[in-house]
Amino acid sequence: MKLELKTCTVRSWEWRDRDAIVRHANNRNVWMNLRDRFPHPYTDRDARNWLECIVGHEPETNFAIAVAGEVVGGIGFILQHDVARRSAEIGYWLGEEFWGRGIATEAVIAVTAHAFANHDLCRVFAHVFDWNRASARVLEKAGYEFEGRMRKSVTKDGKTIDQLMYAIVRECLFVGVALRGHPSYP
Ligand SMILES: CC(C)(COP(=O)(O)OP(=O)(O)OC[C@H]1O[C@@H](n2cnc3c(N)ncnc32)[C@H](O)[C@@H]1OP(=O)(O)O)[C@@H](O)C(=O)NCCC(=O)NCCS
């Protein structure tokens, strides 16, 4: 998979991405906004474990974000099961030196469209830590709607905090964002 966007390329993970993953993922400011299963410190062994899980995995739901040929972050979605089987949870991270350039917004828009186009989904959602204003803003810019506050739902770095629930449903993808003319949406 390869999506050429204005600010970045979203593509399949490759074995050669290992060093770049460590370079950008080994950052406490990134880790602070993600689940604890994202390691910190982030070592060479962690990057190898990640690639072992992900390279060639089908269906492909995790992608690298690359700038000028180098991986600078990741984005993916988790297909849900049972009665939530037409939903997916989206997640993403970017190396700190690349923040503030619109990269995550463009990647979220493109991967959301890709998820709807390739899976029988009617909903894509995200959980955002209450302190993560940048991620909430990314989702709003990508057409996701704020649905509610999950009070005291996570414990991160010793603090028990709220999460914000954002979601986009299939009809809004076409009616809302497409009408705003974003080229990444079908
Ligand atoms: C969240 C993250 C992906 C954003 O990536 P990014 O490429 O910098 O995002 P964008 O540039 O597309 O958009 C960021 C928006 O947030 C805004 N923003 C940034 N910091 C902010 C803050 N402290 N308060 C309010 N808005 C803020 C920016 O101004 C921008 O909005 P604008 O275009 O209206 O000005 C990146 O910061 C990151 O990887 N953080 C660590 C991991 C993470 O949080 N992942 C998401 C978990 S839900």
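Which residue takes a positive phi in the hairpin of S3 and S4?

## The hairpin and its strands

In the hairpin of S3 and S4, where two residues lie between the strands, Ala68 takes a positive phi near 50°. This is a predicted model, in which local features need pLDDT of at least 70 and side-chain atom pairs count only at pLDDT 80 or more, while totals for chains, interfaces and linings use all residues. Residues are numbered from 1 along each chain as its sequence is written.

Helices (H or I, at least four residues) and strands (E, at least two) are DSSP runs, numbered from the N terminus, and two strands pair if DSSP finds at least two bridges between them. Strand S3 (residues 62-67) pairs with strand S4 (residues 70-79) in the antiparallel sense over six bridges, and Phe63 stands opposite Ile75 in S4. S3 also pairs in the antiparallel sense with strand S2 (residues 9-11), over three bridges, and here Ala64 is the bridge partner of Arg11.

## Gln163

Gln163 lies in strand S8 (residues 159-169). The C-alpha atoms of Gln163 and Arg151, which are twelve residues apart along the chain, are separated by 6.5 Å.
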